[in-house]
Amino acid sequence: MTVSSGSAGWYLRRLSRMGPREVGGRAGDAARRRRWRRSAPPDSPHVSGARFTAVLPARAVAAVPPDAAKRLVAEADRLMDGHAEFFGVARDDLVDPDWRYDPKTGRRAPGGYAFDVPYRDEDTAGDIKQIWEPSRHQYLTVLAAAYAVTGDERYAERVAAHLRSWWTANPPLRGVHWVSGIELGIRLLSWVWIRRLLDGWPGAAALFEDNPAALHQIWHHQRWLAAFPSRGSSANNHAVAEAAGQFAAACAFGWFPSSPRWRADALHSLERHLRANTFPSGLNRELATEYHGLVLELGLAAVAEADAADVPVPAPVRLVLLRMTDALAAVVDNRLRPPRQGDADDGHGLVVDGAGTDRWASLLATGDAVFGRLAWWPAVTGTDVRTPLLAALVRPYAKGTTAPAVTRPASRPAHFADAGLTVLRGPGEIWCRCDGGPHGFLSIAAHAHADALSVEVRHDGVDVLADPGTYCYHGQPAWRRYFRSTLGHNTLELDGADQSVSGGPFLWTRHARSRVLAAEDTTGASTGGTARWYAEHDGYRGSVHRRRVELTAASRELRVIDEVRGPRRAARLAFHLGPAVTADLTGNRAVLTWTRDGRERSAVLDLPGELNWRAHRGESDPPLGWYSAGFGRKEPATTLVGTGFADGARQFTTVLTFSD
């Protein structure tokens, strides 16, 4: 059954996850929307004598590595030719874009009062992610960065033409680009960086501070964000993006009577939401790795604006960002790839790099420049544009007047008790993530998957037992259900149901509760011993699923033991292979092969003989056997599924043995 996010049932389920304060706040939001509908948006306050002073130091652009600059210019030239790709859909219309057009469905979103647009209805509005993404204007920050490193005014002129086009086509409160706060927040941050990167261009002031249309848009974006904050059960990464964008604009574009208040309120909100969204260990509470990256990027960009404007930043803001950076350094594999956990929509906070730049290496490089790397951090290879630009604005952490005293990890953490995430490492660059943490963040756990006790295994950065990813959000309910289902992860499903109960595409009405029972010698396999992890969850009422994982160095063996305590129930145990892995399944043994850097690699997967095993690949009705490398993209991959029954009298033992 399709669960609509606009049906009466959905609204009731959504309401049930709110507390009284959130209900009251949303009622106030609804009343404000009705008032704003009744009258035209007000004129923005008159501004005279505005000047942009949050410029980059002269040394910043000169510090951009040549190879990073080369990638940037190549990307900018593709954009100048009108070519781009958003979520797997290639576009060739970016010379003169239609800001409401979705090339995936061929539909144009309707105009009218913003809050009346049914943006979740793909049949009416098209795929909203395809429409929103270009209007984050992060491709324009790339063009502006290309101007900064080359001085070629063609890039600046294209940026100016597109901004003027967007401002004309999207007046305040009209159409889909005035519906979602995260879009407004990220767009404001992009505008700040566009103005900064175009500072040497003679037309920069005429485009921004001397342009009534720009001032009108900047003021209305901030007015909107002040009026409609994400609140309560929705105060996840959206709240951070809204606060970061509002704060950046109020610092860099602080030309309005309300700017001091907006700046103070946004900084308070940013501090509160950064702390709320982050475990003390430094991992993001949404337990969705890409949102860890998004929040970290947004936080670092906000600190850069504060330091550029000489605005004191509360100590907890830098502390949270420091812990997030150390946590990221701790969980990545040897190729600097982090876990593929929870939702992922390719969202970025600030984009100034060309294709081929590694996002996670870039974040760690920035962390090194701002906070300083620890001895156990992995080596960061590659270069980027963003790091020298941000680092030129952010005060060195050790010298910051608001830097808190903090003890950083003396060795690489492997077990994050608050997040329930454990990484086991073994010889030959074996990496295994074990999930025994909370289902998700806040009462709706919007970006969670039903993946309790799942494992994710890599060898030298290659997905062997893979987390299949996310693929989509709106418009394709069967695929949305599959990619966040229990069957869509390397764990055990009972009675054909998910461990947690979904009430909609971003709503879980009952959350499985997991707990780690033991995490012993988690680094032992990398030093010749055995690393062990043991956890359980109660998602299936009347039964408890327990899983034990052991990684032994001497035998290069990963052993997974599943047991179910409770009555006899139908069971399906799934193992999803990465797209590079080929499987030859005979009975309950699968021989796995793949290639890494031209070298053939292999492993043997011995599956529980108590279950009947089949290989599935690229099936669509229902979906099974897929891998999504990024939002909007999917490709066939092999999934091994064992069916049978589980009860307290039997265990299911799976053994993955890597060859030398």
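Colleague: Parallel, perpendicular or oblique: how do α9 and α14 lie to each other?

Modeller: Quick background: this is a predicted model, where local features need pLDDT of at least 70, side-chain atom pairs count only at pLDDT 80 or more, and totals for chains, interfaces and linings use all residues. Residues are numbered from 1 along each chain as its sequence is written, and side-chain values use heavy atoms, with hydrogens and water left out.

Now the pair. α9 and α14 are oblique to each other. Helix α9 covers residues 181-197 and helix α14 covers residues 289-308; their axes come within 12 Å and cross at roughly 50 degrees. Helices here are DSSP runs of H or I, at least four residues, numbered from the N terminus. The axes are lines fitted to C-alpha atoms over the stretch in contact, with angles from 0 to 180 degrees between N-to-C directions. Angles under 35 degrees count as roughly parallel, over 145 as roughly antiparallel, 65 to 115 as roughly perpendicular, and the rest as oblique.

The α9 and α14 crossing is left-handed, meaning the near helix is turned anticlockwise from the far one by less than a right angle.

As for who touches whom, α9 brings Ile 186, Leu 189, Val 192, Trp 193 and Arg 196, and they meet Leu 298, Ala 301, Glu 305 and Ala 308 of α14. Contact means heavy atoms within 4.5 Å. Sorted by class, the contact of α9 with α14 has seven nonpolar, no polar and two charged residues. Nonpolar covers Ala, Val, Leu, Ile, Met, Phe, Trp, Tyr, Cys and Pro; charged covers Asp, Glu, Lys and Arg; the others, Gly among them, are polar.

For another pair, look at α11 and α12: they are oblique to each other, and their crossing is left-handed.

Key: Helix = DSSP H or I, 4+ residues; strand = E, 2+ residues; numbered from the N terminus.
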